[in-house]
Amino acid sequence: MRRVSEHYENFPVASLLCPPRLRPPITAIYNFARTADDIADEGDLSPDERLTQLKAYRADLRAVARNGRVSTRWPAVFGALAVAMRDFSLPEPLLAALLSAFTQDIEKTRDGTDYIDRAALLDYCSRSANPIGRLMLHLYDIDDATALVQSDAICTSLQLINFWQDPSVDLPRGRFYFPLADCKTFRIKPGKLKSLGTDSATAPPKSALNLIAAEVEWARELMAQGAPLVHRVPGRMGWELRLVVQGGLRILDKIEALGFDTLRHRPTVGATDAPLLAWRALRM
């Protein structure tokens, strides 16, 4: 397993703004998800081998949830997770949903299948991203319907932002997240888009850039729907969430500044963006 520090992240994980008592469970959740993502994505395993490992990972999650038994295969991950599940009653179904999304990633890449429309992609996001937000709300004992809907909007937006940020990384790996219905709307064939993502020397046609622009606008709309949640989360964690929201919006700004050409360029948020993010978070 990679250490957490070896992964690039757009957004803070258990940062200094996070209340000290919540850093251990948040870190445990992150390491659980990050390790599963590594199983799905990293190394030289075949798709079937990855699926077998994820199945074992799911069985170890079930064992921890039912009787606290810690895996001997991933003791560091499940040892910390067992403590978090015991002390904070973390819901197993939310953690299991993440594994379902990673499994889907492997199967879609293996089979070369795509997302038919936005509804299909939203279903994926409901398992790949939204459980993280709901787990964070759980730690704060926030569970009303409005907060959950807003959390889902933020998390789905962040997942979509990652997709529209990363075509230059995802397409060479066989990952294609642009809905086929949207490709049809903008008259760009999926095969053409996939080939552009593996050819950094060829400028994308206007149709491809228009498609990415529309997906960016979709992500912005979702973030706007969820952003009021920052006023519901108390204390320093509320400021953490403000920075997460602004970090996502900053990526969208950078995609737009590139003329929406993320088929050849990958924008990131770094230390130089910190003053602007802090100012925008303060203005929320």
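Glu92 touches Arg58, Leu61, Arg62, Ala65 and Met85, leaving aside residues up to four places away in sequence. The model in which these contacts are found is a predicted one. Glu92 belongs to helix H4, which covers residues 92-111. With a relative accessibility of 19%, Glu92 counts as buried, because the cut-off for buried is under 20%.

One of the residues touched by Glu92 is Arg58. The side chains of Arg58 and Glu92 also meet in a salt bridge, with 3.0 Å from N to O. This pair links distant parts of the chain: Arg58 sits in helix H2 and Glu92 in helix H4, 34 residues apart. Arg58 is partly exposed, at a relative accessible area of 23%, whereas Glu92 is buried.

**Helices H1 and H2**

Helix H2 takes in residues 47-67, and helix H1 takes in residues 23-41. Two packed helices are described by the angle between their axes and the distance between the axes. For H1 and H2, the axes come within 8 Å and cross at roughly 160°. Angles over 145 degrees count as roughly antiparallel, so H1 is roughly antiparallel to H2. The crossing of H1 past H2 is right-handed.

On the H1 side, the contact is made by Asn31, Phe32, Thr35, Ala36, Asp38, Ile39, Ala40 and Asp41. On the H2 side, the residues are Arg50, Gln53, Leu54, Tyr57 and Leu61. Sorted by type, the residues of this contact are seven nonpolar, three polar and three charged. Leu61 of H2 takes part in the contact with H1, and Leu61 is also among the residues that Glu92 touches.

The loop between H1 and H2 contains Asp44. Is Asp44 buried or exposed? Asp44 is exposed, with a relative accessible area of 82%. Along the chain, Asp44 and Pro75 are 31 residues apart, and their C-alpha atoms are separated by 22 Å.

**Salt bridges**

A search of the whole structure finds 24 salt bridges. The table lists three of them, including the pair of Arg58 and Glu92 described above.

| Salt bridge | N to O distance | Separation in sequence |
|---|---|---|
| Arg173 and Asp41 | 3.1 Å | 132 residues |
| Arg175 and Asp105 | 3.7 Å | 70 residues |

Arg173 forms a salt bridge with Asp41. Arg173 lies in the loop between helix H8 (167-170) and helix H9 (180-185), and Asp41 lies in helix H1, so the pair ties together parts that are 132 residues apart in sequence. Arg173 is partly exposed, at a relative accessible area of 39%. Asp41 is partly exposed as well, at 23%. Asp41 is also one of the H1 residues that make the contact with H2.

Where do the partners Arg175 and Asp105 lie? Arg175 is in the loop between H8 and H9 and Asp105 is in helix H4, so this pair ties together parts that are 70 residues apart in sequence. Arg175 counts as buried, with a relative accessibility of 10%. Asp105 counts as buried too, with a relative accessibility of 6%. Through salt bridges that share partners, Asp41, Glu42, Asp105, Arg173 and Arg175 are joined into one network.

Key
Residues numbered from 1 in each chain as written. Predicted model: local features only at pLDDT ≥ 70, side-chain atom pairs only at ≥ 80, totals over all residues. Heavy atoms only, no water. Axes fitted to C-alpha atoms, helices over the stretch in contact; angles between N-to-C directions. Helix = DSSP H or I, 4+ residues; strand = E, 2+ residues; numbered from the N terminus. Parallel < 35°, antiparallel > 145°, perpendicular 65-115°, else oblique. Left-handed = near helix turned anticlockwise from the far one by under 90°. Contact = heavy atoms within 4.5 Å. Nonpolar A, V, L, I, M, F, W, Y, C, P; charged D, E, K, R; others polar. Buried < 20%, exposed > 50% of the residue type's maximum accessible area, 1.4 Å probe, protein only. Salt bridge = Lys/Arg side-chain N within 4 Å of Asp/Glu carboxyl O.
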